[in-house]
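Trainee: I am new to this structure. Could we go through it by question and answer?

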Amino acid sequence: MEGTVGTLMYLHLLASVLAAEWRNLRSATWALVAQSATLALILGVLGWQWGVPAMFLWAVWAVATKAVLIPWLLFRALRILPDAEVEPLAGFRAPWAVTVLLVLAVSRLLFALVGWLGSSVAAVQGALALALTVFVLGLYVCTIRRDVIKIVIGVLLLENGAHLTLAVLAPARWETAYLGIFTNVVVAAWLLIYIARVVYEAIGTTDTLVLSQLRR
Amino acid sequence: METQSPLPVLIWVVPAVCGLVTLAVGRWRREFQGWLAFAGLAVTVVISGLIAQSVLAGWVLTAWNNTLRVDGLSALMEVLASLIGMIIVVYSLRYIPGRLDIEEPRRLGGPVPRDVRLSSYYGLLLLFLGMMNWTCATNSLVWLYVSLELTTLATALLVIFYWNRESLEAGYKYLMLVTVGVLFALMGLGLIYAAAAGLPGTEGRGVLLITEVGKVARQMPKALVLLANVFLVVGFGTKAGLAPFHAWLPDAHAEAPEPISALLSGIVIKVGAYALARTITLFAPQPDYGAVVVFVAIMASASMVIGILMALVQDDLKRMLAYSSVSQIGYVIEGLGLGTYLGIYGGLFHLINHSLIKALLFLAAGAIVYVTGTRRISELGGLRQRAPITAFCFLVGALAIGGLPPFSAFMSKFTLFLAAAQKGLLWAAIIAVFTGLLTVACFVRAAYLICWGMRRGVADCGLQAAAKSGIRNPKSEIALGSEREVPVAIWTGMAVLVVLTVGLGLFPNLAYPLLDRATVCIQALLPAS
C-alpha cells in the first residue's frame, strides 16, 4: 500500500490508537478530531484519484460531522464531566503496549484474511486490512472500557472503520459517497453523551459498571 | 406485477407527521396527545389494509423511483405493526397517566409538566411506527440502515421515558449495544454494496437497491458474501435480540413502560428479523448458502435455549417475558434462515404469533402491576379472584406462547419443527422441541403462581388486609395496587389480542393468503429445489 492514501491510512491508524488509549479525555477527543480529519483527507484523495466529485462532498461532510460537530459535543460534555477516564477493566498498567500489539497482530491477521477473500479485493488488500483494524479497535474500546465518553469514542471508531472499509472497497462510485453521507451516528452519539451527562449529574460518575448497579 | 402508488409513501409519512405534530403541539393542546395518536394510527391501519388488499391481488407497490417497494413481506409487517401500535395507543390512554403519577417522584432532574411528558410519549410512539413502516417499505440499502437507526433512537427515548435511574441505565445499554450492532450491519451492507458495485456491467444500475443487488447476487465473490452475512447476522441479530447479542433486551423490557415493553417484543425486535430476511436471503442462490443456513441455525438454537433457561429463573415477570422473547426470536430466525418454503412460512407465521402473544403478555403484565402493585411473581397470587379478565388474558398468553393447541403458536412451531427436519437439521428440530417443552413449563408455572392460590408477600406488610378493609389512596392507586379489575380501556386491547390468538389457532388459514405472498417474496430469490 503506497502513496498518499497509504501514508494517510497509517496516520489514521495512529490517530485511532491515540484516541483509544489517551487517558485524558480531552486529548483523546483531539486525537479523534485528527482521526476524522485523516479520514476526510483519504476520501478527498480517493475522489481525486478516481475522478468522483461526490467523494469530495463526503469528505466535507465527514469534516463537518466527525471532525467538528461530534468533537464539539464531546468537549461540551467534558465541561461538566471529568477529564480523566475511569480506569478500564484491564487497568492502566500496560494498555498502550497491549493496544499497539493488538493492532499489529490484528492487522497482520486481517491482511491474511483479506487475502482469502480473493482476487476481487487483491488490489486493496493492505488498505482494507487497516480499515478493518480500525473497526476492530473500536470494538475493543467499546468492550473493555468503562468510561461512557471513551465508549462513545469507541462507537465513533467503529463507524469510521466501517466508512473507511466502504471507501477503500468502492471508491469509483458516487453511490459510495451517498451511502457514507447518510449513514452517520451523530444523533446516537449525541443521545449517549446526553444520557451520560444526566447520569453524572445524578450519581457523580461516568463508570458504566456503576451505572449497571443503578438497578434495584 | 409492479405499479406506482402513493401508499408506500403514506404508510410511513402519516404516522411520522402525526408524531412530529404531537411532539410540537401536544404540550399545549391535550387533544393533540393520545387522541391524535389514535387518529393517526387509525388512518395508518386503513392504509396498511389497502396495501394488503393490493398485494393480495398480486401487485407490488412502488414509489420514488423504486426506492420504496411494498411486496407481501412488507405488507405483512406493516399490517402487524399498525395493528399492534393501535392497541398499544388505546391501552396507553388510560395506563400511562396513572403510571406517571407513581413514577414522577423518582424522576431525575426535577419535575417536567405532565403534558410535555405525554406529548413526548405519543409523539415518539408515532415516530417509531413511522420509521418502522419506512424500514419495511424501503428498497434501498442506505435507507434500510437509516430507518433502522431511527427506530432505535425513538425506542431508546421511550425506554428511558420514566427518566429514573433504572430506566436511564436500561436506555443507555439499549442505545449503545444496538448502535454497535447496527454498525456491524452497516459493515455488512457496505460489503454487499461494494461486492455488487465491483461487478462488471453494474454502472448506471441502482446497486444501492436491494432488488438490484438480488439480481447480481449469484455473481458476487463467495468469500466476501460469507463475511458480509456474518456481519449482517451479528448486526441485525443484535437488533432482534438474538443471543448472545441480547444483553440490552431484559433491562430495556423491564424498565420501559409496560405498553413500550409490548412494543419492544411485539414489533421492535421483529424489525431486526425483517432486515435479516431481506438481506441474507439475497444470497440463497449462492452455492455456499448451506454454510449460512447452518450458521443461522446454530445461532438461533443457542438463542432458543439461552433465552428460556434464563426465563426459568426469573422472579421479575417482565424480565421473564423478555428472556422468553430472546428464546422465541430464535424460532423466527431459524425458520427464515432455512431457505425452504415451509421454513420461511413457519418463521413468518411465528413472527406474527409471537408479536400478538408477547404483546398480550406484556399488556397483561402491565394490568397485573395496576391491580397488585408489583411484578414479582413470588409476591403474586389469586389474581383470578380480584381481576378475572386480566387473569384470563394472562393465562391465554401463557398457554399460547408455550405452543399448546388450540392457540396459534402451536401451528407455527409445528411447522418449524417439520421444516428443520425436512432440511436435514434434525438436531435443530430436537432443540426447538425441547425449548418448546421448557417454555410450557416456565409459563404454566408462572400462570399458576399468578392466577391461583393466595397472594404472597403483600400479606406480610398488611397491604392485602388494608385493601380488603377498603382503605385506598386514590393518588397512589397503582403503587398500592387497585386490587380490582383494570378499566375497560386497558383490557379491551388485551381482549382483541386474545381473540386474534385464539382465532389464528382455530383458523390458521386466515393468515395463509398474506403469509403465502410474504413467503413467495423471499422464496422467489431461492434456487429451485
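Trainee: At what angle do the axes of helix α1 and helix α5 of chain A cross?
Mentor: Keep in mind that this is a predicted model. Helix α1 covers residues 3–21 of chain A and helix α5 covers residues 125–144 of chain A. Their axes come within 10 Å and cross at roughly 5°.

Trainee: Is α1(A) roughly parallel or roughly antiparallel to α5(A)?
Mentor: Angles under 35 degrees count as roughly parallel and those over 145 as roughly antiparallel. The crossing is at roughly 5°, so α1(A) to α5(A) is roughly parallel.

Trainee: How do the residues of the contact of α1(A) with α5(A) divide into nonpolar, polar and charged?
Mentor: On α1(A) the contact includes Met9(A), Leu13(A), Val17(A) and Glu21(A). On α5(A) it includes Leu130(A), Thr133(A), Val134(A) and Leu137(A). The division is 12 nonpolar, three polar and one charged.

Trainee: What radius of gyration does chain B have?
Mentor: Chain B has 21 helices and three strands, and its C-alpha atoms fill a box of roughly 80 × 55 × 40 Å along the principal axes. For 529 residues, a compact globule would have a radius of gyration near 24 Å. The value for chain B agrees with that: 22 Å.

Trainee: What share of the residues of chain B count as buried?
Mentor: To be buried, a residue needs under 20% relative accessible area. Of the 529 residues of chain B, the share that counts as buried is 66%.

Trainee: How many of the 32 residues of α13(B) are buried?
Mentor: α13(B) reaches 45 Å from its first C-alpha to its last, close to the 46 Å expected at 1.5 Å a residue. Just after α13(B) comes Gly373(B), with a positive phi of about 80°. α13(B) is largely enclosed by the rest of the structure, because the buried residues number 30 of the 32.

Trainee: What covers the buried residues of α16(B)?
Mentor: Helix α16 of chain B, residues 408–422, has 15 residues and reaches 22 Å, close to the 21 Å expected at 1.5 Å a residue. Its buried residues include Ser408(B), Lys413(B), Leu416(B) and Phe417(B). The cover includes, in chain B, α12, α13, α15, α17 and α20.

Trainee: Which residue with a positive phi follows α16(B)?
Mentor: α16(B) spans residues 408–422. The residue in question has a phi near 95° and is Gly424(B).

Trainee: What is omega for the cis peptide bond that joins Ala243(B) and Pro244(B)?
Mentor: Pro244(B) sits in the loop between α8 and α9 of chain B. A cis bond joins Ala243(B) to Pro244(B), with omega of about 0°.

Trainee: Does Trp64(B) count as buried or partly exposed?
Mentor: Trp64(B) is in the loop between β2 and β3 of chain B, and its phi is positive, about 50°, although it is not a glycine. Buried means under 20% relative accessible area, and exposed over 50%. At 48%, Trp64(B) therefore counts as partly exposed.

Trainee: Which phi does Asn66(B) have?
Mentor: Most residues other than glycine have a negative phi. Asn66(B) also belongs to the loop between β2 and β3 of chain B, and it counts as buried because its relative accessibility is 17%. Asn66(B) has a positive phi, near 70°.

Definitions and conventions:
Residues are numbered from 1 along each chain as its sequence is written. Chains are lettered from A and ligands numbered from 1 in the order in which they are written. This is a predicted model: local features need pLDDT of at least 70, side-chain atom pairs count only at pLDDT 80 or more; totals for chains, interfaces and linings use all residues. Side-chain values use heavy atoms; hydrogens and water are left out. Helices (H or I, at least four residues) and strands (E, at least two) are DSSP runs, numbered from the N terminus. The expected span of a helix is 1.5 Å times one less than its number of residues. Buried means under 20% relative accessible area, exposed over 50%, partly exposed in between (1.4 Å probe, protein chains only). Contact means heavy atoms within 4.5 Å. Axes are lines fitted to C-alpha atoms, for helices over the stretch in contact, and angles run from 0 to 180 degrees between N-to-C directions. Angles under 35 degrees count as roughly parallel, over 145 as roughly antiparallel, 65 to 115 as roughly perpendicular and the rest as oblique. Ala, Val, Leu, Ile, Met, Phe, Trp, Tyr, Cys and Pro count as nonpolar, Asp, Glu, Lys and Arg as charged, and the others, Gly among them, as polar. The radius of gyration is taken over C-alpha atoms; the globule rule is 2.2 Å times the number of residues to the power 0.38.
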